[in-house]
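Let's walk through a model together, one feature at a time. Have a look at it first.

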Amino acid sequence: MSIPIELMDQNPWWKNPKAILEDKYIKALTNSKVCWLPRLKYKFDLSADVIYTIRGPRQVGKTTLLKEMIKDLLDLGVHPRAIFYYTCELINNPRELVEKISAYLDQIRPSPKQRTYLFLDEISSVRDWQKAIKYLVDTGKLENTTTILTGSHTLDIKKAYEKLPGRRGQTEETLDKIMLPMKFAEYAETLNEDVRNTMRELYLLSIDKRIELLQQLLQGLIPEEIKELLFLAKELEKLFQDYLITGGTAKVVDEYLKHNEIPEYVYKTYIDVILGDLTRWNKRESYLRQIINRVIETLGNPVGWNTLKQETDIAHHNTIAEYVDTLVDSFVLLYLYHYDVNQKTPAYQKEKKIHFQDPFYLHAMRAWVSGKEPFDSTIEFLKETENIGKIAEGIVANHLVRLAFLLSKQKQLFTYETSVFYWRGRKDREVDFVLKAEIDSSVPIEVKYQQTISRKDLYGIIDFLKVSGASKGILLSKDKLETKRNAVIIPIWLFLLIV
């Protein structure tokens, strides 16, 4: 029997289980100042014959997550050769993928009767990869096997798994996972021990507890847990200020903590992977630069594709839509539809609001478009209160989308476009977000990252309550915590801890 050397190279624990400790991803995590363990890690049923997918932006830590799961299996005493990891970036076609996996299953795994774990990284690098998985399932080779596939582009993975009906197994866990940068709550608990201990003492890691607190806010009450978190206001405000700079990607945060700045190569790495994805989808770099520039110029304002087309040399608005959608599928951007109060549905024909998924993506792309030194230009950008407000809106948009998913009873069919919106009334009074969820029929949420809050700042919420029948709104402030007749005002960094 001849074992392909590349399989041995990628699975050194077959010879020595302790070799996992020398894996570069495990060592990097061990040496990092940001020992982030994604909550996603605990959302897999590894005892079932199922095929999971993990989607998410490149460099977010998907490979590290897989290696951590492998380490956990080895620590539990799983036979080392029952664990197979393979990065698929050098595989050209489905036949080659079948050959690699079959070589492992037929020659290396201890026994077909023993549970086997397949970790296939960057599966979306293989065109038509689903044909390989379909063949392996149909021929019975994946019996007693849990399979986890990762990819960096929503469209790749989504289109492919749709071609595997009835072949992915069944489990109570959601089969299709999305791994995004750290939410602010994860960021805060990872970096600050006092915050971490307090959150655990208050049971804020429980989604049920967080929903309970949100419901109290919508009743005009300030929960005792929120009051308790105020004792950490100084720490939380500082963490939020840093989050505006770094976003939630562990590698970026680690570099910032080690150097008190983010080296230029880190920004370049993220730009390179975005450009690589766009090139793969036959998109032009010059078009991307112009579109990103227009997105940044119009950030925080409702826009149409024709608006974004202005001041570019792009001929048709459909091209704008294609590029923005590709960036959405690559987890760089998200956009929200206007909320039709009467139909309680998205108003697809109206203008959209576009946000960056993570602050760091905005900073990296701003530097790329402008040609300026990225870290210094980021600090300069954040000196303007208006700019901080725009970034804060993007952070809230990202967090509300995640919250909507957690609240949704239809995980497999979830789409945020029917759960999170913005709204604008007849007098052009606007609400930054409308959350449509089980906790209330519709919740207006306004972001006002400023020192003082006046009644005028509540006009958008008040108008929305009149026409929608919603009970109360939430206004996210810089540091104010109080109740009003129409809304609860809460610091943004407190709100983000419970969503």
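Q: Where is Asn92 found?

A: Some ground rules first: this is a predicted model, where local features need pLDDT of at least 70, side-chain atom pairs count only at pLDDT 80 or more, and totals for chains, interfaces and linings use all residues. Residues are numbered from 1 along each chain as its sequence is written, and side-chain values use heavy atoms, with hydrogens and water left out. Helices (H or I, at least four residues) and strands (E, at least two) are DSSP runs, numbered from the N terminus. Asn92 sits in the loop between strand S2 (83–87) and helix H4 (94–107).

Q: Is Asn92 buried or exposed?

A: Buried means under 20% relative accessible area, exposed over 50%, and partly exposed in between (1.4 Å probe, protein chains only). Asn92 has 60% relative accessibility, so it counts as exposed.

Q: How far apart are Asn92 and Trp129 in sequence and in space?

A: They are 37 residues apart in sequence, and 9.6 Å apart in space, C-alpha to C-alpha.

Q: How many disulfides does a search of the whole structure find?

A: A disulfide is a covalent bond between the sulfur atoms of two cysteines. The test is a pair of cysteine sulfur atoms within 2.5 Å. Here the search finds zero.

Q: Which of the classes do Cys35 and Cys88 fall into?

A: Cys35 is partly exposed, because its relative accessibility is 47%. Cys88 is at 0%, so it counts as buried.

Q: Where is Asp376, and where is Lys427?

A: Asp376 belongs to helix H18 (residues 374–381), and it's exposed because its relative accessible area is 52%. Lys427 is in the loop between strand S9 (420–424) and strand S10 (430–437); at 63%, Lys427 is exposed too.
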